[in-house]
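Grab your viewer and let's work through a few exercises. Try each task yourself before reading the solution.

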Amino acid sequence: MKLTDSHGRTINYLRLSVTDRCNMRCCYCMPAEGVMLKEHDAILSYEELLLIAETAIGIGVEKVRITGGEPLVRAGIVPFLERLSAIPGLRHLALTTNGLKLAEMAEDLYRAGLQRLNVSLDSLNPATFADITRGGDLAKVLAGLDAAEAAGFPPPKLNVVIMAGINDGEIIDFAEMTRRRGNSIRFIEYMPVVKEEGWQRYSVAGDDIISRIAARYPLEPLDKGPYAGPSRDFRIPGAAGSIGIITAISGHFCSDCNRIRVTATGQAKGCLFSDQRSDLLPSLRPPSRHKLEAELRKIISGKPERHGITGDTYQHQNFTMAQIGG
Ligand code: SAM
Ligand code: SF4
C-alpha cells in the first residue's frame with residue numbers, strides 16, 4: 001500500500017528519535033553546555049515507540065531509522081531493536097549513531113536485527129574531530145566502524161557535515177574511503193540549527209563538494225533506490241561505496257522528501273524546518289492505535305511542499321538536531 005502526501009511524494013520512511021540525550025556536543029548540533037533535557041516521563045517509553053512504528057508500518061511506512069540524541073546511550077536499546085525488527089511489514093531497519101559506543105555494542109545490534117548503520121564522522125583528523133565534537137575521541141569511532149563490519153554489518157554509511165575552513169579540506173580523503181574501505185559517504189550541507197550569526201560563512205554547497213571530487217576522480221551518477229530520499233548519489237568507478245550530497249540549503253532537496261519524523265517526546269513532524277507538528281501523546285496515553293493512525297495521516301497530508309530555511313522570513317526553530325534526530 002503506497003502512502004503519498006498531498007504533493008504526490010511517496011512517504012515510506014519514518015525517523016524515530018529514542019532520546020534527546022547525547023554523549024557528544026557537536027558544534028553544529030547543540031550549544032557547548034548541551035540542551036535542556038526533558039524529564040524522564042516526557043520521553044516516550046519503548047512500548048510507545050513500538051506502537052508508533054507499528055502504526056506507521058501499518059499505513060505504508062517500510063523503512064524506520066532510529067536516531068536521537070545518541071540512540072546508543074539509551075538503556076534497553078538492544079531489546080527494543082529486537083522487537084522493532086520483528087514487526088511484520090518492516091523492510092529496512094537502520095540506526096544513526098555517533099559511533100562512540102559502537103565498538104562495544106556492534107555484535108548485539110547486529111543480533112537484534114538491525115540491518116544498517118549510519119555513523120556521523122566529520123573529520124579523519126583526531127584534533128579536528130575533537131574540536132567539532134567538543135571532545136569526541138576519533139579512535140573510538142574508527143574502532144566502532146571496524147567492529148560493525150566484524151559483526152556482519154555492511155560498511156557503515158558515513159554522514160559528514162562539511163563546514164568551510166573546518167573540514168572542507170578533507171572532502172577528497174572521505175571520497176577516497178569509498179574506494180579504500182567501501183564506506184558510502186553522505187556529505188551534508190551545514191544547516192543553521194544552532195542560533196549562530198553569520199552561519200553562511202561555513203556553507204559549502206553540495207555542487208561545490210561534487211566539483212571538488214570530480215576534479216580529482218571521474219564520477220558516475222547513480223539511480224536512486226526507493227528509500228533514498230533527498231540525497232543525490234555518485235560513484236567513483238570501481239569503488240564499493242557511493243558518494244552522496246544532501247543539499248538542504250542549496251536546493252534540489254524537498255521534492256524527493258519521503259519521510260516523517262517523530263521526536264523522543266512524541267512530536268510528529270512532516271518537515272525538519274517547519275513549525276507544523278502534531279503531538280502524538282494524547283494518542284499514546286492512553287494508547288489508541290486508531291487515533292495515532294489519524295494523527296500520522298494528518299502530518300503526512302500536511303507535509304509542506306518545501307522548507308523555507310534559506311528565505312528572508314525564516315525564523316530559527318526552537319529545537320536542536322539532537323532533539324529532533326537530524
Ligand atoms: N547522535 C547521532 C549522530 O550524530 O549520528 C544521531 C543524531 S544526529 C542529530 C543525526 C545527524 O544530524 C548527524 O549525522 C548529524 O551530523 C546531523 N546534524 C546535526 N546537526 C546538523 C546541522 N546543523 N547541519 C547538518 N547536519 C546536522
Ligand atoms: Fe550528539 Fe549526534 Fe548531535 Fe553530535 S550530531 S551532538 S553526536 S546528537
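**Exercise 1.** Which residues in helix α6 (residues 171-180) are buried? Then find what covers them.

*Solution.* Keep in mind that this is a predicted model.
- Step 1: apply the cut-off, where buried means under 20% relative accessible area. In α6, that picks out I171, I172, F174, A175, M177 and T178.
- Step 2: look at what sits over these buried residues. The cover includes the strands β5 (157-162), β6 (185-189) and β9 (243-246), along with helix α7 (206-214).

**Exercise 2.** Work out how helix α2 (residues 77-85) and helix α3 (residues 102-111) pack.

*Solution.* 
- Step 1: get the geometry. The axes of α2 and α3 are 9 Å apart, and the packing angle is about 25 degrees.
- Step 2: classify the angle. Angles under 35 degrees count as roughly parallel, so α2 is roughly parallel to α3.
- Step 3: list who touches whom. From α2 come I77, V78 and L81, and they meet M105, D108 and L109 of α3. Sorted by class, this contact has five nonpolar residues, one charged and no polar.

**Exercise 3.** How many disulfides does the structure hold? While you're on cysteines, sort C22 and C29 by burial.

*Solution.* 
- Step 1: count the disulfides, and you get zero.
- Step 2: check accessibility. C22 has a relative accessible area of 24%, so C22 is partly exposed. C29 comes in at 13%, so C29 counts as buried.

Key. Residues are numbered from 1 along each chain as its sequence is written. Chains are lettered from A and ligands numbered from 1 in the order in which they are written. This is a predicted model: local features need pLDDT of at least 70, side-chain atom pairs count only at pLDDT 80 or more; totals for chains, interfaces and linings use all residues. Side-chain values use heavy atoms; hydrogens and water are left out. Axes are lines fitted to C-alpha atoms, for helices over the stretch in contact, and angles run from 0 to 180 degrees between N-to-C directions. Helices (H or I, at least four residues) and strands (E, at least two) are DSSP runs, numbered from the N terminus. Angles under 35 degrees count as roughly parallel, over 145 as roughly antiparallel, 65 to 115 as roughly perpendicular and the rest as oblique. Contact means heavy atoms within 4.5 Å. Ala, Val, Leu, Ile, Met, Phe, Trp, Tyr, Cys and Pro count as nonpolar, Asp, Glu, Lys and Arg as charged, and the others, Gly among them, as polar. A disulfide is a pair of cysteine sulfur atoms within 2.5 Å. Buried means under 20% relative accessible area, exposed over 50%, partly exposed in between (1.4 Å probe, protein chains only).
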